[in-house]
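Subject: Structure for you to look at

Hello,

Here is the structure I said I would pass on. Please open it first, then read the notes below it.

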Amino acid sequence: MSMIRKALMVGFLGMLLTGCASKSYVVLLDNPDGSTGKIVVRGEKGEQLIDKSMHGAALDGSQQPAAIEESRIRQDFGAAMAARPQLPERFLLYFELGGATLTAESQALLAQIIRNAASRPAVDVSIIGHTDTSGNAEQNSALALKRAQSVAELMQQQGLKAHALIVESHGERNLLIQTPDETPEPRNRRVEISLR
Amino acid sequence: MTMNRTLFALALLLPLGVQAESQAIGFVKNVAGEASVSSAGNVAKADVGTPIFTGSILKTGSGGSMGVTFRDETVMSFGPNTELTVDEYLYAPGQGKLKLGSKLSKGSMNYVSGVIAKLQPDAVSVKTPTGTIGVRGTNFLVKVEE
């Protein structure tokens, strides 16, 4: 091994050992869907971007992100990870053209949504109406609310029981498929059910 | 059941997107050991279903743990000896109002970001005594040692 490589290796080991000596630190994990996001730490001593899973950095921003050992993660975060609630679940319902009548497929999904809701502790449910970007934003808000309300009534008739139920409209501002303004897009005309 | 009906009626009566200040922004989903939620100065033992409001302080004791889920599907869970304050919470995508600012004073947390981070990543942050974490749609762990 050349001197340079040796020096690099010693330097690298040194970084690993001191890399996360700090007791206050953050560790990035894979998202539940398998993708990896990013976090930025800004502290008195600098700013660090972490974009690799199982890498961490001190909260004061003083150190480059470095790999964190699984055993240390288990020791420091085992209890917090074990306390993670069941992740929220989301369903999409679609409508026949030009009204508040659900498609047959969406209609058939309601019973399953109600069953899943019943299996969650203190379930809180949001029924959220959305439109595409065709038409003006205010009218779209009202239309999306009307659809959400009709779904809420239907689900309550079919026996939905919730610790809390919120019916709301995101109008055209929370698109599933990104489009420019004034773009008809059937997949954006939807009601989302969020079970938490 | 009465509470469900009341909440439902409220949601329908309120003008579009205007949320009552008293509206819950999340709920406790599981608790083990000693844990509490303080809202508007009232400290209550945390139970499954305990509501969380803007300004609530969530605490666990030694040996305690707690998991909470917010309206935008953000999920936070805490290990023992932890204290988290929900400083700001705005979730009205219809009005473009989005914000989730929290502060971890001590302890350990697992954070899975939700819709607010997806729609407006720069609106989500976790403050700690030594630095601030900006969340770009993700799952992470954070520990604050006093």
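Start in chain B, where strand S10 (residues 124-127) and S11(B) pair in the antiparallel sense over three bridges. Ser125(B) has Gly134(B) in S11(B) as its bridge partner. Three residues lie between S10(B) and S11(B), and the two strands form a hairpin.

Before going further, note that this is a predicted model. Its scores are ipTM 0.86 and pTM 0.84. For chain B the mean pLDDT is 88, and 85% of the residues of chain B reach 70 or more. One stretch is set apart: over residues 1-21 of chain B, pLDDT stays under 50. The model has 27 contacts beyond four places in sequence for that stretch. Where pLDDT is low, the predicted coordinates should not be read in detail.

Now back to the strands. Which strand of chain A pairs with S11(B)? S2(A) does, in the antiparallel sense over six bridges, with S11(B) covering residues 131-136. In this pairing Ile39(A) stands opposite Val135(B). A further pairing crosses between the chains: S1(A) and strand S12 (residues 139-144) of chain B run antiparallel and are joined by five bridges. There, Leu28(A) stands opposite Phe140(B) in S12(B).

Next, the interface as a whole. The size of an interface is often given as the accessible area lost when the parts come together. Chain A and chain B bury about 4,700 Å² between them, and 58% of that is on carbon and sulfur atoms. In terms of residues, 57 of chain A are in contact with 57 of chain B.

How many salt bridges are there between chain A and chain B? The count is four. In one salt bridge, the side chains of Arg71(B) and Glu168(A) meet at 2.5 Å, N to O.

Several elements of chain A each supply at least two residues of the side that touches chain B, among them strand S1 (25-29), strand S2 (38-43), helix H2 (70-82) and helix H4 (137-157). Strand S8 (164-171) of chain A is also on that list, and S8(A) gives the most, with seven residues. By type, the residues on this side of chain A divide into 31 nonpolar, 12 polar and 14 charged.

Regards

Methods: Residues are numbered from 1 along each chain as its sequence is written. Chains are lettered from A and ligands numbered from 1 in the order in which they are written. This is a predicted model: local features need pLDDT of at least 70, side-chain atom pairs count only at pLDDT 80 or more; totals for chains, interfaces and linings use all residues. Side-chain values use heavy atoms; hydrogens and water are left out. Contact means heavy atoms within 4.5 Å. Buried area is the accessible area (1.4 Å probe) that two parts lose on being put together, summed over both. Helices (H or I, at least four residues) and strands (E, at least two) are DSSP runs, numbered from the N terminus. Ala, Val, Leu, Ile, Met, Phe, Trp, Tyr, Cys and Pro count as nonpolar, Asp, Glu, Lys and Arg as charged, and the others, Gly among them, as polar. Two strands pair if DSSP finds at least two bridges between them. pLDDT is the predictor's confidence in each residue, from 0 to 100.
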